[in-house]
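The following exercises concern a single protein chain. Each task is followed by a solution worked in steps.

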Amino acid sequence: MSESFLLGVLGGMGPLATLDFQRRLFDATPAQRDQQQLPSVVWNVPQIADRQQALAGTGPSPLPQLIHGITRLNQAGASHIAIPCNTAHHWYDALSEASDAPILHIVDATLAALNQAADKPQRVGIIATHGTLAAGWYQQKLIAQGIEVIEPTAQELAEWFVPGCYAVKRGALDEGGALLVRQAQALFDRGAQTLILACTEVPIALAAVNAPFLPLTFDPAQALAQRCSQLWQGI
């Protein structure tokens with residue numbers, strides 16, 4: 001546990017997902033007392049422009065606000081930065097250029113966790129925003145490992161994922177969970193053996209409705225929290 005370690009969390013996307021990530025950091029860190037817990041500074045400012053709308057061309061770019069948050073985290077002395085929002089990684093390169101502290105990549109953390117699974121799946125479904133799916137980060141890395149990828153259809157995204165995601169953002173977890181359960185089940189029905197929940201609102205919603213298939217999923221936020229904890233522990 002290095003005295004120079006201080007995790008910066010670029011959050012607010014959304015605020016509940018950021019709070020959930022903080023809890024995941026706590027749970028991922030084996031500590032016997034306060035002083036052994038992972039130190040962090042959090043930029044939980046939800047006024048960042050909507051990422052989904054920006055990538056759809058219907059809203060302003062969040063990049064200036066994201067860079068502002070990165071700058072404030074660097075000013076606070078962050079030694080590493082984590083972004084518990086998959087879609088925001090669309091601007092990862094620009095944010096890395098603006099940061100003195102290295103920014104961990106949520107996709108790399110997720111694939112590392114997947115590769116450590118006892119039974120590596122051959123068919124993986126992805127639940128994510130239009131922007132994350134279009135970027136292809138997860139698909140490219142999975143396909144390179146010989147894993148078949150199953151994606152939501154455009155109709156599923158419109159009817160289940162998008163309204164489910166925004167339900168979580170307004171605090172309607174049961175409503176969002178019911179919609180996202182349907183999205184998840186559709187991917188399983190098409191042959192997925194496991195799901196990557198590549199939007200930080202999704203695991204919150206599925207947990208709220210006690211989705212029975214949660215043990216069959218990979219949570220990028222959890223993988224990112226575990227990686228942060230490993231860095232704090234010097235692993």
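Contact means heavy atoms within 4.5 Å. The model is predicted: local features need pLDDT of at least 70 and side-chain atom pairs count only at pLDDT 80 or more, while totals for chains, interfaces and linings use all residues. Residues are numbered from 1 along each chain as its sequence is written, and side-chain values use heavy atoms, with hydrogens and water left out.

**Exercise 1.** Determine which residues Ser99 is in contact with, leaving aside its neighbours within four places in sequence.

Solution. Begin with the location: Ser99 is found in the loop between helix H4 (92-98) and helix H5 (106-115). Helices (H or I, at least four residues) and strands (E, at least two) are DSSP runs, numbered from the N terminus. Next, Ser99 counts as buried, at 10% relative accessibility; buried means under 20% relative accessible area, exposed over 50%, and partly exposed in between (1.4 Å probe, protein chains only). Beyond the excluded neighbours, the contacts of Ser99 are Ile70, Asn74 and Ile81. With Asn74 there is a polar contact between the two side chains, at 3.0 Å. Such a contact is a pair of N or O atoms within 3.5 Å; within protein, one must be able to donate a hydrogen and the other to accept it, and residues adjacent in sequence count only if both atoms are side-chain atoms.

**Exercise 2.** Which backbone values mark Gly14 and Asn210?

Solution. The peptide bond from Met13 to Gly14 is cis, with omega near -10 degrees. Gly14 lies in the loop between strand S1 (7-10) and helix H1 (15-28). For Asn210, phi is near 55 degrees, a positive value in a residue other than glycine. Asn210 is exposed, with a relative accessible area of 62%.
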